[in-house]
Amino acid sequence: MPNVGNHFAERVRGKMVRLFQRLADPCLFTPSDGSAPFTRLVSLDDNGAEIAASSNEYIPELISRAEFLQSEGAVNSGDEFAIGEGISVQQGRLTQRVSMDSVSVTFIYIPLEA
């Protein structure tokens, strides 16, 4: 009988990558180091649900987060991304890393005016 435990983490990671690829949107990613922009996947999130659930904050503030697959390349503070085309472009600049795991990295971003 095969030992499933040896490859379990790899299988879960592969499934998480495929799920991210289905749910994420393509964006034009511009690294802050001056290298050429390229297309990669991003999943945007905000903390609206967390604000509603927390009653101990004096001034609730919406925090925008962007999550990227690590397998698509490095992500750093100062990098910029743009989702959409024409008049409905949403742009952001990454500011602070929030979390990182074996699949993805999440940064706080500030929206930029087009």
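Arginine 65 counts as buried, at 17% relative accessibility, where buried means under 20% relative accessible area, exposed over 50% and partly exposed in between (1.4 Å probe, protein chains only). The model is a predicted one, in which local features need pLDDT of at least 70 and side-chain atom pairs count only at pLDDT 80 or more, while totals for chains, interfaces and linings use all residues. Residues are numbered from 1 along each chain as its sequence is written, and side-chain values use heavy atoms, with hydrogens and water left out.

The side chain of arginine 65 meets that of aspartate 45 in a salt bridge, at 3.0 Å from N to O; the term stands for a side-chain nitrogen of Lys or Arg within 4 Å of a carboxyl oxygen of Asp or Glu. This pair links distant parts of the chain, with arginine 65 in strand 3 and aspartate 45 in strand 2, 20 residues apart.

As for the overall layout, the protein has two helices and six strands, and from the N terminus on the elements run α-β-β-α-β-β-β-β. Both kinds of element are DSSP runs numbered from the N terminus: helices are H or I with at least four residues, strands are E with at least two. Of the 114 residues, 26% count as buried.

Searching the whole structure turns up three salt bridges. Besides the one at arginine 65, there is a salt bridge between the side chains of arginine 40 and glutamate 72, at 3.7 Å from N to O. Arginine 40 sits in strand 2 (residues 38-46) and glutamate 72 in the loop between strand 3 and strand 4, so this pair ties together parts that are 32 residues apart in sequence. Glutamate 80 is partly exposed at 27% relative accessibility, and arginine 93 is partly exposed with a relative accessible area of 32%.

Then there are the aromatics. The structure holds four aromatic pairs, a pair being rings of Phe, Tyr and Trp (its six-membered ring) with centres within 6.5 Å; planes under 30 degrees apart count as stacked, over 60 as edge-to-face and the rest as tilted. One of these is formed by phenylalanine 29 and phenylalanine 68, whose ring centres are 5.3 Å apart with the planes at 65°, so the pair is edge-to-face. Phenylalanine 29 belongs to strand 1 (residues 25-30) and phenylalanine 68 to strand 3 (residues 64-69), so to speak a link between distant parts of the chain, 39 residues apart. Both phenylalanine 29 and phenylalanine 68 are buried. For phenylalanine 81 and tyrosine 109, the ring centres are 5.1 Å apart and the planes at 80°, so this pair is edge-to-face as well. It links distant parts of the chain too: phenylalanine 81 is in strand 4 (residues 80-83) and tyrosine 109 in strand 6 (residues 104-112), 28 residues apart. Phenylalanine 81 and tyrosine 109 are both buried. Together with Phe38, the residues Phe29, Phe68, Phe81 and Tyr109 form one aromatic cluster.

Phe8, Val12, Met16, Leu19 and Leu23 form a nonpolar surface patch with about 480 Å² of accessible area together, and phenylalanine 8 is placed in helix 1. Patches are made of residues with over 30% relative accessible area and no salt bridge, like charges being joined within 9 Å and nonpolar side chains (Val, Leu, Ile, Met, Phe, Trp, Tyr) within 5 Å. A positive surface patch is formed by Arg11, Lys15, Arg18 and Arg22. Arginine 18 is found in helix 1 (residues 8-23) and is partly exposed, with a relative accessible area of 45%.

Finally, serine 77 lies in the loop between strand 3 and strand 4 and is partly exposed, at 41% relative accessibility. Its C-alpha atom is separated by 9.0 Å from that of isoleucine 108, 31 residues apart along the chain.

Notes: Areas by Shrake-Rupley, 256 points an atom, 1.4 Å probe, with all protein chains shown as cover. Lys, Arg positive; Asp, Glu negative; His and termini not counted. Charge placed at Lys NZ, Arg CZ, Asp CG, Glu CD.
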